[in-house]
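Here are my notes from a pass through this model, as numbered points. Have a look at the structure first, then see whether you read it the way I do.

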Amino acid sequence: MGAFPALNARPASLLDEWLHRINEELTAWATANPTLRVAPFAVNQIVHKSNNRLEQDLALCVKHKVPVIITSLGAREELNQAVHSYGGITLHDVINNRFAHKAIEKGADGLIPVAAGGGGHAGTLSPFALMQEIREWFDGPVALAGSIANGASILAALACGADLAYMGSAFIATREANAPDMYKSMIVDSSADDIVYTNLFTGVHGNYLKPSVENAGLDPANLPESDASQMDFGSGGNMEAKAWRDIWGCGQGIGVIHDVPSVAELVARLEGELQHARTSLDERLRATVARCNTL
């Protein structure tokens, strides 16, 4: 399933065009390939009150019946009801168990725990801790996010109890992505040590590429704290250097990204890595059991 932030469509009227095009092309593809499944798509909505486009963007998503809405920075019951009105589902980004409870209480269908190291807005909790606490009470759909960039980490997410692995940074570094070439090259050339965690650019803590911070004339090692009351997602931030235009979000998992493939090539690679990871795990477990039996 592919997802994109509604705020990526600038001006706001562009979102209507994007959603029309996506539905039109998916319908045409499904007609031409009647025996194959067509994956749904998702649109990310920032629910925070500073997003002055939310009502307009949500109305467009309802108009085009977007199958999945991903919400973050605020859980609103009326938004979930609007999506449910046409049969859509909502998944809510959370960084701790308390926010997870609130999201489900407000009517979200599923959760996206964003663990430590996730690109963009992310929390600081271990994925193990986050998944353990959530799975104690919630058996609905969960997509785990945070530093997932290869097949082995997908397997780890599933082993933690997630139904899905939620990936971002690896897909920025693909040929089809609309990101600037310099952004893609920076991902390829960087590793976990090149990620800085700060709330300066939007008022909410997130992970960003250190070289992009430096290119904006800032010292990544000495960034001030932002005033959370000045959050402004509708215009992309509260500084001259804007997230995500100039300051590029990215997760800590990028150390395994070494090229810029097509999306199809990346998906095939991930599938192969996942199968290899499963086989390797089985072999290691059998070897461990055999060693233990000799003790």
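Which side chain meets that of Glu78 in a salt bridge? I come to that in point 1, after some housekeeping. This is a predicted model, so to speak of local features we need pLDDT of at least 70, side-chain atom pairs count only at pLDDT 80 or more, and totals for chains, interfaces and linings use all residues. Residues are numbered from 1 along each chain as its sequence is written, and side-chain values use heavy atoms, with hydrogens and water left out.

1. The partner is Arg76: its side chain and that of Glu78 meet in a salt bridge at 2.8 Å, N to O. (The criterion is a side-chain nitrogen of Lys or Arg within 4 Å of a carboxyl oxygen of Asp or Glu.) Glu78 is partly exposed at 44% relative accessibility, and Arg76 is partly exposed too, at 26%. (Buried means under 20% relative accessible area, exposed over 50%, partly exposed in between, with a 1.4 Å probe and protein chains only.)

2. Next, Arg135 and Asp163, whose side chains form a salt bridge at 2.8 Å, N to O. Arg135 belongs to helix α5 (residues 127-135) and Asp163 to the loop between α6 (151-159) and β8 (164-166), so the pair ties together parts 28 residues apart in sequence. (Helices, H or I with at least four residues, and strands, E with at least two, are DSSP runs numbered from the N terminus.) Arg135 is partly exposed at 25%, and so is Asp163 at 42%. As for shared partners, salt bridges join Glu55, Arg76 and Glu78 into one network.

3. The structure holds 9 salt bridges. One of them links the side chains of Lys63 and Asp16, at 3.3 Å, N to O. Since Lys63 sits in helix α2 (residues 54-63) and Asp16 in helix α1, this pair ties together parts 47 residues apart in sequence. Lys63 is exposed, with 53% relative accessible area, whereas Asp16 is partly exposed at 23%.

4. On to the sheets. One is open, with 5 strands in the order β1-β2-β3-β4-β5 and parallel pairing. (Strands pair if DSSP finds at least two bridges between them.) Its edge strands are β1 (2-5) and β5 (110-113), each pairing on one side only. The twist averages 25° from one strand to the next. Helix α3 (residues 77-84) packs on this sheet, touching β3 (68-72) and β4 (89-94), and its direction makes about 145° with that of β4. (Contact is heavy atoms within 4.5 Å; axes are lines fitted to C-alpha atoms, for helices over the stretch in contact, and angles run from 0 to 180 degrees between N-to-C directions.)

5. Within that sheet, β1 and β2 (residues 41-46) pair in the parallel sense over 4 bridges. Gly2 has Phe41 in β2 as its bridge partner.

6. The other open sheet I'd flag has 3 strands in the order β6-β10-β9, with antiparallel pairing. β6 (120-121) and β9 (195-198) are at the edges with a single partner strand each, so one side of each lacks a neighbour in the sheet. β6 and β10 (residues 206-209) run antiparallel and are joined by 2 bridges, and His121 stands opposite Gly206 in β10.
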